[in-house]
Amino acid sequence: MRVLLISANTETINMPVLPLGLSCVAEAARNAGHDIKLLDLMEQQDGRLVLEDAISEFQPEIIGISVRNIDDQCMEKTRFLLDSVKDLIRDCRRLTDVPITLGGAGYSIFPKSALEYLGADMGIRGEGEIAFVTLLDSLSQKKDLSAIPGLYISGLGIGGEEQHQNDLDECALPLLSSHQSPLSASQKEKLWIPFQTRRGCPLNCSYCSTASIEGKTIRKRSPTIAVKALSAHVEAGFDQFFFVDNIFNLPLSYAKELCTQIIKAKLNISWRCILYPWLVDEELVEKMAEAGCKEVSIGFDSGSKTILRAMNKRFQPDEVRRISEKLKCYDIARMGFLLLGGPGENKKTVLESLTFADSLELEAMRITMGIRIYPNTDLARIAIKEGVITQDDDLLLPKFYM
């Protein structure tokens, strides 16, 4: 089938992001024999004109749209980001009558309500490499769609149960930006290539939506295959990477082996990652620095023991401090995060958090006031019990706990 895949994300909350998930789906569909065109709206000045040209020239038989962000997660003057996607779907309908399918991280949190709001025909919750290819094959052969993993059909609800790929080595790691126009040296210099070696998170932080997207079991890519993919990017002229794994340091043995193989490959790369401040020893920090790590995001969220317990965190402030000091010793820059206003928060615990964050002397801090409530989380259950939200609130329109 001729498949037009569109990354609808144009949000640069932290930095421009290449469509990693959609590129993985594109690679899987291409390997299954389908004709794929990928359109990234992030880099387009006139997305409507580019869309018209793509549909006119390519004549797709199906359109897949990736929805990364629902809103900006900011309680004050919240920006709801789905209306631009709704406009995109309306433009697609004007130009063609082929089926439109949704996917992506943001969509996966709200598979039913987002599908209804946006007016697409179908949506796939969770990973798309298996499910989307199965959908394409079923449509081309006019087969029943009811058993396709994680598929929601407008007006009918869900088909088969969501399915995760247990062996990530079976999922191709595409050479990102290969679908884009050639980049200048200055453009490449500013670009941080998103790179994923693991999926899933078992930690169950009270507010987190990751389990809805990737599941609770950590699934790993072979370090050898991961480094081979990094090498391909380096050969293409890219040397800055952002490991988007939810927790780079877990499992600890895997993180160390990955760093060891990067060092052995002599890639001479720079990279960032996200650390959960627990189970981080000096050996890992040393290996990270030698492998090219320049900056980490430390999601400690609070400096209060009381609030950390309420958030289901497995660490205490002393451990955050120890890890932060080790990172500083190896010249790895640190960005900290505070989430203020969750259950149990008060003036005293906020002051504890701010004082603690100040004492770490980090290179950067991001402070959020009010926590976005996501479905199927402990925070949502508390919010229902306290009357902050109702049992039947689908939470697609942003609600915050403060």
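Predicted model: local features only at pLDDT ≥ 70, side-chain atom pairs only at ≥ 80, totals over all residues.

Residues are numbered from 1 along each chain as its sequence is written, and side-chain values use heavy atoms, with hydrogens and water left out.

Two packed helices are described by the angle between their axes and the distance between the axes. Helices here are DSSP runs (H or I, at least four residues) numbered from the N terminus, and axes are lines fitted to C-alpha atoms over the stretch in contact, with angles from 0 to 180 degrees between N-to-C directions.

| Pair | Angle | Axes |
|---|---|---|
| H9 (residues 223-235) and H10 (residues 252-265) | roughly 45 degrees | within 9 Å |
| H13 (residues 317-329) and H14 (residues 347-360) | about 20 degrees | 10 Å apart |

H13 and H14 are therefore roughly parallel (an angle under 35 degrees). Their contact (heavy atoms within 4.5 Å) brings Pro-317, Val-320, Arg-321 and Ser-324 of H13 to Phe-356, Ser-359 and Leu-360 of H14.

A search of the whole structure turns up one cavity of 30 Å³ or more, where a cavity is a set of points on a 1 Å grid over the protein atoms alone at which a 1.4 Å probe fits but cannot get out. The largest cavity has a volume of about 50 Å³, a volume being the space filled by probe spheres set on the points. Its lining residues (an atom within 4 Å of a point) include Arg-198, Cys-201, Asp-245 and Leu-250.

How values were computed
Helix = DSSP H or I, 4+ residues; strand = E, 2+ residues; numbered from the N terminus. 1 Å grid on protein atoms, 1.4 Å probe; cavity = no way out; pocket = protein on both sides within 12 Å on 5 of 7 lines; lining within 4 Å. Parallel < 35°, antiparallel > 145°, perpendicular 65-115°, else oblique.
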